[in-house]
Amino acid sequence: MAYSDTIKLVVGDTLPEIVCTLKDSNTAASGATLDVEDSSTWAPINLSSGTVKMIIRKVGETDLTATITMSLTDASNGVATCVFPANTWTAAGTYEAEIEFTNSSSKVQTVQELLKFIVRDDFN
């Protein structure tokens, strides 16, 4: 499974804010030559007509631990932001999350690469 860099958290954390930019690997960004191996050349996906969710589960499990609707902070440039609710990280462990975009026609696009989180217990 392809993961982004691992994000390290503590049980109960509500930060950091996660910022994702969704891009189309089949379309060149303005002024760029498309290179499918270089995401900096990909055009952003316009998120204005839909919603973006982060769906989280423990690694190796199928039950979801959280589904968070992300804020569209720069929708036309593909930018969505996630702030974790207080009950997101309730147990230590290794988690994975996928990002899913649903447009206004209920068509779904899921990002192939997963986010990975390692959560440790809090001292108090």
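**Confidence.** I started with the predictor's own scores: the mean pLDDT of the protein is 93, and 98% of its residues reach 70 or more. For the record, pLDDT is the predictor's confidence in each residue, on a scale from 0 to 100. Among the elements, I found the lowest mean pLDDT, 87, in strand β1 (residues 3-10), and the highest, 97, in strand β5 (residues 50-58). A reminder to myself: where pLDDT is low, the predicted coordinates should not be read in detail.

**Ground rules.** This is a predicted model, in which local features need pLDDT of at least 70 and side-chain atom pairs count only at pLDDT 80 or more, while totals for chains, interfaces and linings use all residues. Residues are numbered from 1 along each chain as its sequence is written, and side-chain values use heavy atoms, with hydrogens and water left out.

**Overall layout.** I counted zero helices and 11 strands. Here helices (H or I, at least four residues) and strands (E, at least two) are DSSP runs, numbered from the N terminus. The C-alpha atoms fill a box of roughly 50 × 30 × 25 Å along the principal axes. Of the 124 residues, 33% are buried; I use buried for under 20% relative accessible area, exposed for over 50%, and partly exposed for in between (1.4 Å probe, protein chains only). I also looked up the accessible surface, which comes to about 7,400 Å², with 46% of it belonging to carbon and sulfur atoms. That area comes from the Shrake-Rupley method with a 1.4 Å probe; for residues, only the protein chains shown count as cover.

**Contacts along the chain.** I took contact to mean heavy atoms within 4.5 Å. Among contacts with a separation of 6 or more, 60% join residues 24 or more positions apart.

**The core.** Which residues touch the most other members of the largest nonpolar core? They are Met54, Ile56, Phe84 and Phe117, in a core of 26 residues. The term covers a set of buried Ala, Val, Leu, Ile, Met, Phe, Trp, Tyr and Cys residues joined through side-chain atoms within 4.5 Å. Two or more residues each come from β1, β2 (18-21), β5, β6 (64-69), β8 (79-82), β9 and β11 (114-120). The largest share, four residues, is from β9. I then listed the partners of Met54 beyond four places in sequence, which include Ile18, Ala66, Ile68, Cys82, Phe84, Ile99 and Phe117. As background, in soluble globular proteins nonpolar side chains tend to be buried together.

**Salt bridge.** I found one in the structure, defined as a side-chain nitrogen of Lys or Arg within 4 Å of a carboxyl oxygen of Asp or Glu. The side chains of Arg57 and Glu96 form it, at 2.8 Å from N to O. The pair links distant parts of the chain, since Arg57 lies in β5 and Glu96 in β9 (residues 93-103), 39 residues apart. Arg57 is partly exposed at 31% relative accessibility, whereas Glu96 is buried at 7%.

**Cysteines.** My search of the whole structure gave zero disulfides, a disulfide being a pair of cysteine sulfur atoms within 2.5 Å. Both residues are buried: Cys20 has a relative accessible area of 12%, and Cys82 has 1%.

**Loops.** Finally, I went through some loop residues.

- Pro16 is in the loop between β1 and β2, and the peptide bond from Leu15 to Pro16 is cis, with omega near 10 degrees.
- Thr41 is in the loop between β3 (23-28) and β4 (42-44), and is buried at 10% relative accessible area. Its C-alpha atom is 5.4 Å from that of Ala29, 12 residues away along the chain. Contacts of Thr41 beyond four places in sequence include Thr27, Ala32 and Leu34.
- Thr88 sits in the loop between β8 and β9, and counts as buried at 4%. Leaving aside neighbours within four places, Thr88 contacts Ile56, Ala66 and Ile68.
- Ser106 is in the loop between β9 and β10 (108-110). Phi of Ser106 is near 65 degrees, a positive value in a residue other than glycine, and Ser106 is exposed at 58%.
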